[in-house]
2 protein chains.
Amino acid sequence: MDQKITIDDVAKEAGVSKGLVSLALNDRPGVSAEAKGRILRVADQLGWRPDPRARGLSTRRAYALGLIVRRSPHVIEVDPFFAAFIAGAEAVLAERGQVLVLSVVPDVDSELDAYRRLSSERRVDGFFVTDLLDDDHRVRALTGLGKPAVVLGRPDDAAGMPVISRDYSAGISKLVGHLAELGHRRIAHVTGNTAMQHARIRLERFLAECRAWGLESVVEQADFSPEQGAAATRRLLDDPNRPTAVIYGNDPMAIAGMAVAHERGLSLPGDLSIAGMDGSDMGEWVYPTLTSLGNAPSQWGRAAAETLLRLIEEGTAPDVELPGADLIRRASTAAPAGTAHHNTKER
Amino acid sequence: MDQKITIDDVAKEAGVSKGLVSLALNDRPGVSAEAKGRILRVADQLGWRPDPRARGLSTRRAYALGLIVRRSPHVIEVDPFFAAFIAGAEAVLAERGQVLVLSVVPDVDSELDAYRRLSSERRVDGFFVTDLLDDDHRVRALTGLGKPAVVLGRPDDAAGMPVISRDYSAGISKLVGHLAELGHRRIAHVTGNTAMQHARIRLERFLAECRAWGLESVVEQADFSPEQGAAATRRLLDDPNRPTAVIYGNDPMAIAGMAVAHERGLSLPGDLSIAGMDGSDMGEWVYPTLTSLGNAPSQWGRAAAETLLRLIEEGTAPDVELPGADLIRRASTAAPAGTAHHNTKER
DNA sequence: GAGCCACTCTAAACCGGTTTAGAGTGAGCG
DNA sequence: CGCTCACTCTAAACCGGTTTAGAGTGGCTC
């Protein structure tokens, strides 16, 4: 088996000491070009890869990055974001010899336990932190643990951690404009948990745009779960003066909202326009197909991985602003019944 | 910081050699009850956790398990299975001091690379293998790498790897029976990729049940993606003699199928009954709510993690058969239009 | 020709655990 | 009383790397 090749084998084969092999491998000064070439050639030829455990023992690194995802115990929400995020991160990690340690936990306590465990066992060199809350307990916990971390979203207080963010302003602006141009005058927004920064920012931007277009706005609080998305939609539809369009904070809530509208016998998008915000693929496969904002989670993954590695290696890394989210126009938004083409109910 | 507690600190504090601490910690014989108690107490009090790197260097273990998920590069499918699966596995891993290393890759080549890398860098002690194909390249690759692995699903040839499976027979039987009792006479099945074992088994069971109930059956091939689920549904609905009910190999395909039916102006479930097979939460939030078979992915996670750890530690582990999948009756299945309550048969 | 420096390289200590040979100790036995 | 044996425990080697003190070499200067 090739399982047992060690640095000593390489050293012997190249006729040098193992110390020199280490220096050569890590691009340290003090190795002649000739020796370095030979060592690397031998290493490659033997198929040797340094064991990260042994390496980490000296360097105090784990060569691994941690992602802890919290999902409520009963409803494991369908979140299209993470698979793509991880795939994006993976592309960076693989070529840098790193690995992703993932934990999915049911509640806040287990989440903190997971951070502590991964940290005290020196399993990872840093963390990705998603879904940041205001005054997030995790920020405190992480600064306490002294582990590098990058934050996804734009919190008020990231406590010095680099932030990866995407500008939704332009997208939300386009989305509200799109609805206004279709003739909508009263638009609702079903927010995610507004303790989360990105949910609040989206809300603020929504309100600003409605003002700019002179539209009436309605806001319903939810928490990004389809369950609450459905409940918020019921409240909206119960209102005699109900909005003609609803923008949801993410796609799962939008899909659940569509189901509620169908259930009430509304025809979509004639009686009600609906839009999401994650640009998830699932939006292609519901009826009607879901208008949304593009999000490209794999971009988040790449950027977050690069930033976190830089932070770990250099002690500091700049924030990253991803390209603005763009409007994906699909079939769930149209002129409200009564306006425009006098859209005659069902065909 | 508590970062720097080492076995030597514990040994010193307890007044013994570090070797003895190690023996005590690992429940090895030759440690007096008195010393053992004192050592464990001191360790606990100091909050010491052995460093898995150092440990692994001697024991040749990584104390980590690998899961590699392949998703097509463009369409990152929405798969509710994995989050719950991982959460289930996590519960076992956490209490056994293990960690989950996850990789999401776009294609087969990267997938094999990932297995090789995790293995040659000794990053993991074993793998979870999902979505097994007939004559799967991964089985060969893994046996070549000599890493323990457990397989999810029931392949013909698992090459000696333990298999975790769930019996769908009873569930499919109930589902077909449910449709038959409602008065359906012609039922379709949209399969997943039948190169995958579990897809084939479901198909066979479906056909057997239709025969048993004297129903006509139609089969359309798809691959578990919503895209192909939609295409298969179009083909079915194009047929003048179209079925009155469709059973899909998983929930995403079923949801896509519902969208196609809506798009054609069919009323669900009156004009067409639809059922999925994953029992995913999303089925609760579409319209109409989706009849499905319960799957409880977290059970898969627990069982797979326990089996894999046992395999690693003892060199062998028995197969596990999870409780049979049960029918989840929701709103997407009903008597076909025209039959109404003609529904007699037996129950 | 001695002294100095820059450049390569080696040897050995070290990271934090596990494992094993063997040292001490006291009890049981003839 | 001397021997054997079981039981605890310690010391040191070891896992596979990294890091550093310092040894060797050759070229240059004065």
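This is a predicted model: local features need pLDDT of at least 70, side-chain atom pairs count only at pLDDT 80 or more; totals for chains, interfaces and linings use all residues.
Let's start with chain A. What radius of gyration would a compact globule of 347 residues have, and what does chain A have? The globule would come out near 20 Å, but chain A has 25 Å. You can look at the outline too: along its principal axes, the C-alpha trace of chain A spans about 85 × 40 × 35 Å. Even so, 50% of the 347 residues of chain A count as buried.

Now bring in the partner. Where chains A and B meet, the contact takes 49 residues from chain A and 47 residues from chain B. On the chain A side, the elements that each supply at least two residues are α4 (52-59), α5 (80-95), β2 (99-105), α6 (108-120), α10 (226-238) and α11 (251-263). Sort the residues on that side by class and you get 30 nonpolar, six polar and 13 charged.

Next, zoom in on one helix of chain B. Helix α3, residues 33-46, is 14 residues long and reaches 20 Å from its first C-alpha to its last, close to the 20 Å expected at 1.5 Å a residue. Which residues of α3(B) are buried? They are I39(B), V42(B) and A43(B). If you look down the axis of α3(B), these buried residues fall within an arc of 100°, so they line one face of the helix. Covering them are, among others, α1 (7-14) and α2 (18-25) of chain B. Turn to the face of α3(B) that points away from the buried side and you find the exposed residues A33(B), E34(B), G37(B), R41(B), D44(B) and Q45(B). Just after the helix comes G47(B), which takes a positive phi of about 70°.

Finally, let's visit the DNA. There are 25 residues around DNA strand D, and the ones that come nearest are I7(A), G19(A), S22(A), A54(A) and G19(B). Both chains take part in this surface: α2 (18-25) and α4 of chain A, together with α2 and α4 (52-59) of chain B, each supply at least two residues. Its make-up by class is 11 nonpolar, 11 polar and three charged residues.

Technical notes
Residues are numbered from 1 along each chain as its sequence is written. Chains are lettered from A and ligands numbered from 1 in the order in which they are written. The radius of gyration is taken over C-alpha atoms; the globule rule is 2.2 Å times the number of residues to the power 0.38. A residue is buried if 20 or more other C-beta atoms lie within 10 Å of its own, exposed if 12 or fewer, and partly exposed in between; C-beta atoms are placed from the backbone. Two residues are in contact if their C-beta atoms, placed from the backbone, lie within 7 Å. Helices (H or I, at least four residues) and strands (E, at least two) are DSSP runs, numbered from the N terminus. Ala, Val, Leu, Ile, Met, Phe, Trp, Tyr, Cys and Pro count as nonpolar, Asp, Glu, Lys and Arg as charged, and the others, Gly among them, as polar. The expected span of a helix is 1.5 Å times one less than its number of residues. The arc is that of the directions from the helix axis to the C-beta atoms. A residue is near a molecule or strand if its C-beta atom, placed from the backbone, lies within 6 Å of it.
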